[in-house]
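Thanks for coming. I will take a few minutes to walk through one model, starting with charged pairs and ending with a metal site.

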Amino acid sequence: MKCPRCGLENGDRTVCSKCGHFMYRPVDQNRKKMTKAERAREDAKIMWKNIAKVLRIVWMVIVMVVLSFLMIAVLTFFFNGA
Ligand SMILES: [Zn+2]
């Protein structure tokens, strides 16, 4: 099935392997040999990959905020000291 968000062809997946968008499975008639459990595991793997991606961005934002606060602290210290 084509992902409605990014347009990637995902075959029989429930979650897009590119952007992680949840999709409806149209009909179960043209499913592959993959079992439901295997597919769920595969989808969970993709989902975790996307969560990790988001967490990495969140972490970067936190680091940047902390660094800017540190920079402001150092700058105010120097300006007050001078
Ligand atoms: Zn997609």
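**Salt bridges and a zinc site**

Aspartate 43 and arginine 13 meet through their side chains in a salt bridge, 3.9 Å from N to O. That term is used for a side-chain nitrogen of Lys or Arg within 4 Å of a carboxyl oxygen of Asp or Glu. This pair links distant parts of the chain, with aspartate 43 in helix 1 and arginine 13 in the segment before helix 1, 30 residues apart. Helices here are DSSP runs (H or I, at least four residues), numbered from the N terminus.

Before going on, a word on the source: this is a predicted model, in which local features need pLDDT of at least 70 and side-chain atom pairs count only at pLDDT 80 or more, while totals for chains, interfaces and linings use all residues. Residues are numbered from 1 along each chain as its sequence is written, and side-chain values use heavy atoms, with hydrogens and water left out.

Is aspartate 43 buried or exposed? Aspartate 43 is buried, at a relative accessible area of 6%. Buried means under 20% relative accessible area, exposed over 50%, and partly exposed in between, with a 1.4 Å probe and protein chains only.

How many salt bridges does a search of the whole structure find? The search finds 4. One of them joins the side chains of aspartate 12 and arginine 39, at 2.6 Å from N to O. Aspartate 12 lies in the segment before helix 1 (36-81) and arginine 39 in helix 1, so this pair ties together parts that are 27 residues apart in sequence. Aspartate 12 counts as buried at 9% relative accessibility, and arginine 39 counts as buried at 4%.

Next, lysine 45 and glutamate 42 form a salt bridge, their closest N and O atoms 3.7 Å apart. Both lie in helix 1, 3 residues apart, which is about one turn of the helix. Lysine 45 is exposed at 52% relative accessibility, and glutamate 42 is partly exposed at 26%. Salt bridges with shared partners join Arg13, Glu42, Asp43 and Lys45 into one network.

Now the metal. Which residues are the protein donors of the zinc ion? They are Cys3, Cys6, Cys16 and Cys19, each through SG, at 2.2 to 2.3 Å. Donors are N, O and S atoms within 2.8 Å of the metal (3.2 Å for Na, K and Ca); water is not among the atoms, so sites may look incomplete. The spacing of the donor residues in sequence is C-x2-C-x9-C-x2-C. Cysteine 16 and cysteine 19 are buried.

How values were computed: Helices (H or I, at least four residues) and strands (E, at least two) are DSSP runs, numbered from the N terminus.
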